[in-house]
Amino acid sequence: MKTVNLSEVSIRELNQALHDQKAQCTEETWTVLEPKGQHNIACGLDQTLSVDIHGHAGYYCAGMNQKANVTIHGNAGQGVAENMMSGVVRVKGDASQSAGATAHGGLLVVEGNAGARCGISMKGVDIVVKGDVGHMSCFMGQAGNLVVCGDAGDALGDSLYEVKIYVKGSVKSLGADCIEKEMRSEHLAELTDLLKRAGIDEDPTQFKRYGSARGLYNFKVDNASAY
Amino acid sequence: MSEDTKTPAGLRESATFDRNTMHEIRRAADTGIYDIRGFGAKRKLPHFDDLLFLGASMSRYPLEGYREKCNTSVTLGTRFAKKPIELDIPVTIAGMSFGALSANAKEALGRGASIMGTSTTTGDGGMTPEERGQSKKLVYQYLPSRYGMNPDDLRKADAIEVVLGQGAKPGGGGMLLGQKITDRIAQMRTLPKGVDQRSACRHPDWTGPDDLAIKILELREITDWQVPIYIKVGATRTYYDVKLAVKAGADVIVVDGMQGGTAATQDVFIEHVGIPTLAAIPQAVQALQEMGMHRKVQLIVSGGIRNGADVAKCMALGADAVAIGTAALVALGCNHPKYDDEFKKIGSAAGYYDDYQEGKDPAGISTQDPELSKRLDPVEAGRRLANYLNVLTLEAQTLARACGKNDLRNLEPEDLVALTVESAAMARVPLAGTSWVPGQKF
Ligand SMILES: Cc1cc2nc3c(=O)[nH]c(=O)nc-3n(C[C@H](O)[C@H](O)[C@H](O)COP(=O)(O)O)c2cc1C
């Protein structure tokens, strides 16, 4: 195991050391200490590493992650795991806005709450939030799954494409073209699996499913007010 | 005013309600939805034609055409990047998406640019292997939609361009109508096939310039500080935008004036938002100069550049390089008269065609139809683009030598005068034959 203390080593040095593992993996397990809210910690990883960050991370922690397993033992700033391609990112505390934005794959777990725009423009990632999500979550979400075990804020799933959204608690309001949909057996199976992968003990039958009404897929005069 | 000989005398067209205006009112009444089209602003605007060069004579010493060197190369991204981009000519190919354009057209752009030692740029929709393969220097756009964005392609890029806006639609997002969303494009963008796709106008994970600074650092971290990072803005509040872009950490700033082309935007947006390219350049240069960053953060200008005179005028006003979109497409064969009959069949005419969004381009450029796309031979079209880029360069050199400059970047505002009061005020050069710069000095 390699331990890096960010009060002694720069973000650049840490990231370069982690990136160097792509060509030749000499150390799989990394511990990062004293992050103190610094930005861009462990972004651009592309190796099956396990990285534990003890403390709070700033913006874009684990951004564009590929293959790695990154755990933040604290809160995460804006855009945690943004544009992730694969791997797992877990936030033990709360995540700020735009968590998992545009991510194409992998799994993002937020054990606390997530702020506004969680899963905005998501493109295939699975996101599981144990607490609540803020307003405009999953705005223009394209693909993947968003699971919210708490409540969702205003305008959930506005202008949604093909993301499946599962919410256990209340939804303050649904965004344009987002509707409640029937929870069929395949959805229950999928949700059960997502919760299991996230390590979260919730009863899948307590959730409701939301998705796109697909009414905005093509420009129509009747939809003018939604444009 | 030229005499209209087709309309009988006595029938007087209203200047306010002219035929195009009336046609648009009827179109709106028929359909109930705004007009979407490609191309750039079609209205008349103060432009580079309103400027002239003062060639050398008694007080200046000209250089010999053909014999004496006039350097055209430029290096972009010298501020932070480990590997700045070296271009042989200061004319680059602007970002145009695969989706808006056919794969053959994208390949042709890469080929033409590579022959001439310049760069080409991806667009809203990601990087294709054809384009990467044929482009020696490829700039990868980082757009609000993030379609197809992935770290592998990011690391393959020679530079990254963070797009905040486009001159044709500052403040607007992209559009790609269902007709053009084929299987391949749907897959690259992770969208259902056939949807009318609206791409976001704001980036999803940052909101203001302070956030952007952190975002740029993230991109640098992911690419290990190797490649330059550009910021592209549509020309509006250019003076402030350029200052903020420098502060946010850009290596290169791209300013796209309102004449700039687009693949699909509301006509009302194209014609009524933004400022002309001519007006934007002095604002950008002033901002850079005030920060001591002129030439340190390089400035690329685009929007309505057509010939070597336009290139030379941009550079005289302080740009380090220019980018072309529409002109490059015309060089490939867009709007070519040989397809006039076919343009007529789809309700247009050669030279007027702007319905890029429909995907029916007879020239095989702004289309995804396999049959139409086949009409464009990427090798031959690439050659045509290279020829055209060569002419732009030769023309710009001719003008620079006439002004006694052995480097295009030595051209300066002092070499220019304006033909109209408007262009003098915007370009901040004197009205020809006077020393009057409106708004500055008498
Ligand atoms: C067909 C077409 C597609 C375009 N696609 C993009 C794009 O994806 N991203 C972008 O930043 N600009 C896009 N643009 C704008 C160009 O990058 C450039 O700013 C503009 O074309 C410059 O003006 P010009 O056409 O007068 O040369 C597009 C332009 C055209 C004509």
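Which residue in strand 8 of chain A is the bridge partner of A:Ile127? Before selecting anything, note that this is a predicted model, in which local features need pLDDT of at least 70, side-chain atom pairs count only at pLDDT 80 or more, and totals for chains, interfaces and linings use all residues. Residues are numbered from 1 along each chain as its sequence is written, chains are lettered from A and ligands numbered from 1 in the order in which they are written, and side-chain values use heavy atoms, with hydrogens and water left out.

**Chain A: the sheet**

Begin with the open sheet of eleven strands in chain A, whose order is 1-2-3-4-5-6-7-8-9-11-10 with mixed pairing; strands here are DSSP runs of E with at least two residues, helices are runs of H or I with at least four, and both are numbered from the N terminus. Two strands pair if DSSP finds at least two bridges between them. At the edges are strand 1 (2-5) and strand 10 (178-181) of chain A, each pairing on one side only.

Next select strand 7 (residues 123-129) and strand 8 (residues 143-148) of chain A, which pair in the parallel sense over five bridges; here the bridge partner of A:Ile127 is A:Leu146, in strand 8. Helix 2 (residues 185-198) of chain A packs on the sheet and touches, among others, strand 7 and strand 8 of chain A, while its direction makes about 70° with that of strand 9 (164-167) of chain A. Contact means heavy atoms within 4.5 Å, and angles run from 0 to 180 degrees between N-to-C directions of axes fitted to C-alpha atoms, for helices over the stretch in contact.

**Chain B: sheet and helices**

Move to chain B, where an open sheet of eight strands has the order 5-15-14-12-11-8-7-6 with parallel pairing. Strand 5 (91-93) and strand 6 (120-121) of chain B each have a single partner strand, so one side of each is left without a neighbour in the sheet.

Select strand 8 (residues 159-163) and strand 11 (residues 229-234) of chain B, a parallel pair with four bridges, and find B:Glu161, whose bridge partner in strand 11 is B:Tyr230. Helix 7 (residues 238-248) of chain B lies across strand 11 and strand 12 (252-256) of chain B, at about 155° to strand 12.

Then show helix 14 (residues 378-402) of chain B: at its start, a side-chain oxygen of B:Asp377 reaches to within 3.0 Å of the backbone nitrogen of B:Val379, and just after the helix B:Gly404 takes a positive phi of about 80°.

**The ligand**

Finally, select the ligand, around which there are 23 residues (a heavy atom within 4 Å). An oxygen atom of the ligand is 2.7 Å from a polar backbone atom of B:Gly95, and a polar side-chain atom of B:Thr326 lies 2.5 Å from an oxygen atom of the ligand.

Key. Polar contact = N/O pair within 3.5 Å; in protein donor to acceptor, adjacent residues only side chain to side chain.
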